[in-house]
Amino acid sequence: MREVSKEQVIAFRWLRHGLSMRLPNERWLDSLRVTPLQDSPPGSSMPVALAARVEEGPLPFSSMLENAWESGDIMGINSLRYAPLFFASEDFAAFTVGSMPAHEPGWRSLLLSIAKEIEGAGMDCEGAALSAIECMAQALSDGPMRHSDLCLMLEHNMPPPLRPLLSGMPYAASHLILAACKSGLFLLHPRIGNQRVFGLHPNPPKPCPEASERLARLYLSAYAPATFDHFAGYAGATRALQGADPLSMAWAAVRDACVEVRVEKKTMLAPEQNLPALLDAPRPGGLRLLPPFDAYLRQTKRAWLLPSPELEQIISPIAAPPHVIAARGMVAGALRVKKKGMTLEGLADLFVPLSPQDREELEEAFFASARARGLRPGPLSIV
């Protein structure tokens, strides 16, 4: 069994996430075929993520995303986590029904944070999730609805035993909406203010092994080496699953195309076709400005990316998380931005010293992130 160092893992993931070299502007959609974009904070994070991976073109990335959403080239839904994810439309099934549980243990794993309350009301988690799917489908048959209106609708229309839970426990309805979105029946419409808007998918996919296997392959292509627990967590399961669960079956199906490697004394899987890149990926170079919750920062071993563990609290606070400065694959600082009219200002807090070239690249990355949002670059202060 091959030994793989954490430095090799970081280099491989930097490469696979498209951060080693920007794509030509006309191929920007290819970046979403590797990892989805998370729309959190809404409206600003996805253009900044693209600016880190794609060369600038005649249109701001914000406009390109709007056009692709309107044309159907990309779709979004909050099926893996509470913030919406956007991906190439051909992968809609993978990111929805690909992680949809098939039995009670899977639904309970997904709804673990409110499972005891659901069971205390005399229902199981599968029944609660299926009821939410039915209620949402019926309500959305009359047209798109805002997230807040969907929550109120569930409070009034879910089975009577669950109504006290939904009215008395903050975010319980949001948990059930997340579970329902795994059905593939729903997709996001353009926001109304800061509110997500949900509608019915005109041609919803059906659960199938191929969708789950596609999700497993996409995960491994970006986050290998990995274990099944890593994959299950990415897909929204809060506990390791066994047996006939679609995620377990998908992981078993893709094993034949993988090889085992050892990372820090732990056995993990990596796609055999990616093994040469994993072993020989070039050392990460350059500097990138990443939005909060960027796909690259979603690594299971994120501590590997930090100069010291306590910095996790700075880049991942509960409220108002900053942009992340990544230099040569590692987190090098945090950048807070402030919008003043149509101008964007920035304040960078460095965790490690940056060379003069790095500072130039940081300034360029900040200016590019402003233009990506259709804003004018303002002053950037570095402390």
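## Cis peptide bonds

P41 sits in the loop between β2 (37–38) and α2 (45–51). Helices (H or I, at least four residues) and strands (E, at least two) are DSSP runs, numbered from the N terminus. The peptide bond joining S40 and P41 is cis, with omega about 0°.

A cis peptide bond also joins A224 and P225. Here omega is about -5°. P225 is placed in the loop between α11 (209–223) and α12 (228–234).

## Model basis

This is a predicted model: local features need pLDDT of at least 70, side-chain atom pairs count only at pLDDT 80 or more, and totals for chains, interfaces and linings use all residues. Residues are numbered from 1 along each chain as its sequence is written, and side-chain values use heavy atoms, with hydrogens and water left out.

## Positive phi outside glycine

Y171 is not a glycine, yet its phi is positive, at about 75°. Y171 belongs to the loop between α9 (163–168) and α10 (172–181). Y171 is exposed, with a relative accessible area of 64%. Buried means under 20% relative accessible area, exposed over 50%, partly exposed in between (1.4 Å probe, protein chains only).

R328, also a residue other than glycine, has a positive phi near 55°. Its loop runs between β11 (323–327) and β12 (330–340). R328 is partly exposed, at 36% relative accessible area.

## The open sheet

Three strands make an open sheet, ordered β5-β7-β6, with antiparallel pairing. The edge strands, β5 (145–146) and β6 (186–192), each pair on one side only. Two strands pair if DSSP finds at least two bridges between them.

β5 and β7 (residues 195–200) pair in the antiparallel sense over two bridges. R146 has V197 in β7 as its bridge partner.
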